[in-house]
Every structure is written in structure tokens, then in C-alpha cells.
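Hi there,

Here is the structure I promised to pass on. My notes follow below it.

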Amino acid sequence: MNGQPVWMEKVEQLGLFPTPVWTFHLTAAARARVQGEMVPLLDRLRPVAEARPAGQGWQSPRDLHRHPECATLVGYIDESIGNILRYLKIGYEAFEITGCWANVNPPGVAHRSHSHPNNYLSGVYYLQTPAGADSINFHDPRVQAAIIRPPVTELTAANTDQVVVRVEPGTLLLFPAWLQHSVEANGSDAERISISFNMMFSAYAEQLGKPLW
């Protein structure tokens, strides 16, 4: 706060109930290895361009993590999740990827706001992010915050209802599965390619069945 009055000893702002989003950046060698394994797999799985509806993206089957070509990326994801669980002081270490799939968005294609129910964490790894298709939006999960919307003179972390995170090839994002996120229309002339995945605690996943995403 500016202009602290004489009667005030100090002022504090508490960051209550934070919503963490973790960003991991792969080394050039690790990125090249994932690229060399995943791109041929996606080329084999995806239909030819002529068979895809114009103006629509393509999503692969949600079992990419079971393909041997995905083993390197899954290893990086597992290690990242383990680090997060330790950071959060979670007392249960057994987890599993409940789904993993590719997203290929050609020019003009967007992805509406959504979350991933029945999972604990969700994440995205970016294979190809041309300029104009290199961001993801995270939306304020507090629905009550939209009840009163006074004008602001500048957007800050304390008053915005959306945060835009810039990404690049080799970026691995992890975030709470309940956090709403979206992708703007691809503004480039090339495809945006990413690998999405979900994680859940093993005991819960065994009892619940297939996630609702």
C-alpha cells in the first residue's frame, strides 16, 4: 500500500488458499529425446489431413502412456509428480496416470474452458508451440469473485480473473485437475501440438473406475 499513514505500524497481505501451477522446463537433450519418440508415434496414430474435418482439432486415444514410445515422457511426468507430492506433504505416494492424449490444434482452433473431474492433478507437455499458439489460460476458480466487478486501472495478480501462461516446446505444466483452463484460437499458420494427462492416487482410482473428463 502506498502512503502508509502515521497511525499504522505495518500492513500485511496473506496469500490464503493458493492455487499452484508448476512449470518444469526440460533440457535441450531431454526435449529432443521426447520429440524424437513422440512425433513418429503421433504421425502413426493420427488420420491423414484429408480425413479430418476442416477447422477442427484432433485428439488421440487416451492411452498414450501405455505406448513404449511414451515411456521417456511418462518417466519425466512421474518424477515431476513425485516432487510435487513431496512438496505438498502428501502422505500417500502411490499414483497413476489415468489418461494421456495428444492435442493437435490447426490454425484457428481453440479449446473452451474446462477442468478434469475425478483426478488430482492434470498436466500438459508442449511439443510444438508456434508464435500465436504459445499460451494457456487459467481461470479464477472462485465463482463468488465475479459477483462484483469494479473497473480497475491495471490488471494485477490481486484483481485478475484469468492468468495467461506462456509456454514453449519442452514446457511441462502441472496443476490441480479442478482448475478451469482454456486455449485461445491458434493464431499461427502451423499446428500447435501438446500432450495432456491426468493423475490420480492409485487406491482411489481402483475404487472409482474411469475418470470423468
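A definition to begin with: accessible areas come from the Shrake-Rupley method with a 1.4 Å probe, and for residues only the protein chains shown count as cover. On that basis the protein chain exposes about 12800 Å², with carbon and sulfur atoms supplying 55% of it.

Please keep in mind that this is a predicted model, where local features need pLDDT of at least 70 and side-chain atom pairs count only at pLDDT 80 or more, while totals for chains, interfaces and linings use all residues. Residues are numbered from 1 along each chain as its sequence is written, and side-chain values use heavy atoms, leaving out hydrogens and water.

The protein chain has 3 helices and 10 strands (DSSP runs numbered from the N terminus: H or I of at least four residues for helices, E of at least two for strands). Their order along the sequence is β-α-β-α-β-β-β-β-β-β-β-β-α. The C-alpha trace spans about 70 × 45 × 35 Å along its principal axes. Of the 213 residues, 40% are buried, that is, under 20% relative accessible area with a 1.4 Å probe, protein chains only.

Best wishes

Note on methods. Buried means under 20% relative accessible area, exposed over 50%, partly exposed in between (1.4 Å probe, protein chains only).
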